[in-house]
Amino acid sequence: MTPSPRTLVVIPTFNERENLRDVIDHVLGTVPAAHILVVDDNSPDGTGVLADQLSRAEARLRVLHRPVKDGLGSAYVAAFAWALDEGYERIVQLDADGSHRPEHLPGMLRRLGTADLVIGSRWVPGGGTVGWPKWRQRLSRGGSAYARRMLALPVRDVTGGYRAFRASALRSIHLESVHSHGYCFQIDVLARAHEAGLRIAEVPIVFEERHHGVSKMSPAIVAEAMLRVTVWGLQAAFRPRPHPNQAYGASLPARRR
Ligand SMILES: Nc1nc2c(ncn2[C@@H]2O[C@H](COP(=O)(O)OP(=O)(O)OP(=O)(O)O)[C@@H](O)[C@H]2O)c(=O)[nH]1
Ligand SMILES: [Mg+2]
């Protein structure tokens, strides 16, 4: 891969000490020209300390420290703002836990040549999950189907967190007004991208169950996504929407983590 356009892979972490080294090595081994930004929320298990240690030996690795756990959505908002300030042209989001195989990165980045946003998709032909029980698959597929219908999104995997953006796409979706967390963050960003008329593509990925550690997924995160998607869908159905990127986040229930 050539060094240009400049690519940043953002990896949010909360208690991912056991996974961190592997994911960093694997990403840099697969896309050597990329840089990585780890966004750590003062993980009690010392993930942030390990990230600093690794970054001292690896110039392509940067670390953004936040003082307290503030949710996946706000971690990405902070990271994307940093990436745009630094002038990166392609920005990828990728979980630290081993679920998002770096092998898919070259294909996703290639697809970004003719798209503004590329989604690593479990629910298109060729995609899928490994190690997930049936109930997780049903929850994920069902959640995607519900959000797709409510918000008229032309995408099969609406909640997936493995994505690649052009910098111009991130600039056009007004990140400063995104206040969603968890899965809802993924849906919110996607809905904004769709309303802004961006070209959205799905590339099949195989998603693996996390390698080590504990999921931060909770009933509150699922409830936040369901509630907000329902409100947004009803808003869209019953009144003309203001400017697309101001509609989301307006008059919504209080933030939940
Ligand atoms: N900085 C930061 N990272 C977070 C936070 N919550 C989750 N993460 C990270 O975001 C990524 C996704 O979180 P997971 O707990 O794996 O959630 P998930 O992938 O939706 O759920 P599982 O499939 O059960 O793993 C992981 O790399 C987490 O460490 C947070 O509040 N702050
Ligand atoms: Mg995960």
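**Notes on helix packing, the sheet and charged pairs**

1. Helix α7 (residues 182–195) and helix α8 have axes that come within 6 Å and cross at roughly 30°. Because angles under 35 degrees count as roughly parallel, α7 is described as roughly parallel to α8. Please keep in mind here, as in the points below, that this is a predicted model.

2. On the α7 side of this contact are Gly-182, Tyr-183, Cys-184, Ile-187 and Asp-188, which meet Ile-221, Glu-224, Ala-225, Arg-228, Val-229 and Trp-232 in α8. The residues of the contact divide into seven nonpolar, one polar and three charged.

3. Helix α8 (residues 219–238) also packs with helix α5 (residues 134–151), their axes coming within 8 Å and crossing at roughly 20°, which makes α5 roughly parallel to α8. The crossing of α5 past α8 is left-handed.

4. From α5, the residues Leu-139, Tyr-146, Ala-147, Met-150 and Leu-151 meet a set in α8 made up of Val-222, Met-226, Val-229, Thr-230, Trp-232, Gly-233 and Leu-234. The residues of the contact of α5 with α8 comprise ten nonpolar, two polar and no charged. Val-229 and Trp-232 of α8 are named both in this contact and in the contact with α7.

5. Turning to the sheet, seven strands form an open arrangement with mixed pairing, in the order β3-β2-β1-β4-β7-β5-β8. The edges are taken by β3 (61–65) and β8 (200–204), each of which has a single partner strand, so one side of each is left without a neighbour in the sheet. Neighbouring strands are turned against each other by 20° on average, direction ignored.

6. Within this sheet, strand β1 (residues 7–13) pairs with strand β4 (residues 90–93) in the parallel sense over four bridges, and Val-10 stands opposite Gln-93 in β4. Helix α1 (residues 17–30) packs on the sheet, where α1 touches β1, β2 (35–40) and β3, and the direction of α1 makes about 155° with that of β2. Helix α3 (residues 72–86) lies across β1, β2, β3, β4 and β7 (163–166), and runs at about 155° to β1.

Methods: Residues numbered from 1 in each chain as written. Chains lettered and ligands numbered in written order. Predicted model: local features only at pLDDT ≥ 70, side-chain atom pairs only at ≥ 80, totals over all residues. Heavy atoms only, no water. Axes fitted to C-alpha atoms, helices over the stretch in contact; angles between N-to-C directions. Helix = DSSP H or I, 4+ residues; strand = E, 2+ residues; numbered from the N terminus. Parallel < 35°, antiparallel > 145°, perpendicular 65-115°, else oblique. Left-handed = near helix turned anticlockwise from the far one by under 90°. Contact = heavy atoms within 4.5 Å. Nonpolar A, V, L, I, M, F, W, Y, C, P; charged D, E, K, R; others polar. Pairing = 2+ DSSP bridges.
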